[in-house]
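Here's a quick tour for anyone meeting this protein fold for the first time. Have a look at the picture, then read on.

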Amino acid sequence: MKFIDEAIITAQSGHGGRGCVSFRREKFIERGGPDGGDGGDGGSVILRAVADLRTLYEFRYRKQIKAEDGGSGSGQQKHGKNGADVIVDLPVGTVVTNVETGEIIHDFTEAGEEFVLACGGMGGRGNKRFATSRNRVPRFAQPGEPGELLELKLELKLLADVGIIGFPNAGKSTLISVISSARPKTGDYPFTTLTPNIGMVVHDWGEPFAVADIPGIIEGAHEGVGLGIQFLRHVERNKFLLHLIDASAIDPADPLKTYQALNRELALYSPVLAEKEQLVVLNKMDIPGTVEKADLFQDALGDLPVMRISAATTRGIDRLKARLAQMVIGHEQ
């Protein structure tokens with residue numbers, strides 16, 4: 001299934017039903033009074049966040065959401081049927097924006113959260129409602145109120161405590177597979193991962209926490225190069241970032257080249273991302289020659305702590321999980 005994390009849809013609540021103009025007509029009763037019933041209310045459009053949805057794939061084809069119109073009133077003061085509401089399920093982490101104004105309408109951050117997006121139009125009143133001592137035979141009724149029509153942008157931003165960032169082939173997919181329950185496809189070539197993966201890390205120091213493997217970030221990503229900003233938006237949700245670097249690919253002449261390049265992409269996309277706390281991790285330390293390159297990287301970086309691991313052999317993984325757990329707990333306090 002293709003990962004879909006953005007969609008434009010139109011949502012319309014139901015129109016209110018028309019009120020009825022009717023007069024009582026019964027045998028032996030002269031000049032029966034007005035008895036037109038009210039129209040039914042239109043249905044509303046309700047958005048709901050659910051835990052078992054991961055993408056906005058449904059809205060690749062479902063572009064229009066329409067609630068049911070209210071029924072018209074009828075004689076004998078019969079009320080028109082109320083239109084049925086439409087409940088639209090969305091993944092947790094979906095941001096709903098008004099396309100016309102750019103205003104954020106709602107940001108869904110918890111499963112089970114509901115939001116009434118568009119209220120149905122009220123039904124019109126029947127002529128029975130307008131009978132008075134001065135006007136005993138009103139020959140008019142109200143039309144129903146129109147429903148609301150909105151053009152919406154749905155944007156999914158993954159909710160995870162830790163975002164794993166790094167250039168292609170840094171080993172992000174392998175890492176998330178050994179520290180969490182996620183089982184992404186991995187391969188020996190760039191862009192193995194085409195969709196973000198989320199996994200839960202279980203540890204001995206408290207509640208499990210979520211990690212997300214953010215794919216496709218390369219130089220020029222903030223301008224849409226490669227998979228570009230398609231996935232940079234997901235980094236905004238993470239409490240902090242795990243910056244994974246392939247130690248075997250460190251250039252001895254410029255040890256911080258890839259580290260600085262990726263941070264530059266984050267800053268150009270959003271200043272907020274540039275200020276997020278990072279844990280720098282050097283991966284593939286099982287490959288010969290990486291120790292010397294890792295030492296050069298640490299010397300160039302200065303006092304900022306750096307962890308060294310091998311996701312392929314699980315070397316240093318327990319220590320990394322403990323450090324991540326401490327950071328997550330620290331952000332929650």
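Residues are numbered from 1 along each chain as its sequence is written, and side-chain values use heavy atoms, with hydrogens and water left out.

**Confidence**
- The protein averages a pLDDT of 85, and 86% of the residues score at least 70.
- Residues 187-194 have a pLDDT below 50, and this stretch has 19 contacts in the model beyond near neighbours in sequence.
- Where pLDDT is low, the predicted coordinates should not be read in detail.

**Overall make-up**
- The protein has six helices and 14 strands; these are DSSP runs numbered from the N terminus, with helices being H or I of at least four residues and strands E of at least two.
- Of its 333 residues, 47% count as buried, meaning under 20% relative accessible area, with exposed over 50% and partly exposed in between (1.4 Å probe, protein chains only).
- Among contacts with a separation of 6 or more, 73% come from residues 24 or more positions apart.

- Six strands make an open sheet in the order 10-11-9-12-13-14, with mixed pairing; two strands pair if DSSP finds at least two bridges between them.
- At the edges sit strand 10 (197-201) and strand 14 (306-308), each pairing on one side only.
- Neighbouring strands here are turned by 25 degrees against each other on average, direction ignored; axes are lines fitted to C-alpha atoms, for helices over the stretch in contact, and angles run from 0 to 180 degrees between N-to-C directions.
- Strand 12 (residues 240-246) pairs with strand 13 (residues 278-283) in the parallel sense over six bridges, and Leu 244 has Val 281 in strand 13 as its bridge partner.
- Helix 3 (residues 257-269) packs on the sheet and touches strand 9, strand 12 and strand 13, with its direction at about 145 degrees to that of strand 12.
- Helix 1 (residues 172-179) lies across strand 9 (162-165), strand 10, strand 11 (209-213) and strand 12, running at about 160 degrees to strand 11.

- Strand 5 (residues 94-98) and strand 6 pair in the antiparallel sense over three bridges, with His 106 in strand 6 as the bridge partner of Val 96.

**A closer look at Ser 180**
- Ser 180 lies in the loop between helix 1 and strand 10, and counts as buried because its relative accessible area is 9%.
- Leaving aside neighbours within four places in sequence, Ser 180 is in contact with Gly 199, Met 200, Val 201 and Val 211.
- A polar atom of the Ser 180 side chain lies 2.5 Å from the backbone oxygen of Ile 176.
- Ser 180 and Lys 321 are 141 residues apart in sequence, yet 9.5 Å apart in space, C-alpha to C-alpha.

Definitions and conventions: This is a predicted model: local features need pLDDT of at least 70, side-chain atom pairs count only at pLDDT 80 or more; totals for chains, interfaces and linings use all residues. Contact means heavy atoms within 4.5 Å. A polar contact is a pair of N or O atoms within 3.5 Å; within protein, one must be able to donate a hydrogen and the other to accept it, and residues adjacent in sequence count only if both atoms are side-chain atoms. pLDDT is the predictor's confidence in each residue, from 0 to 100.
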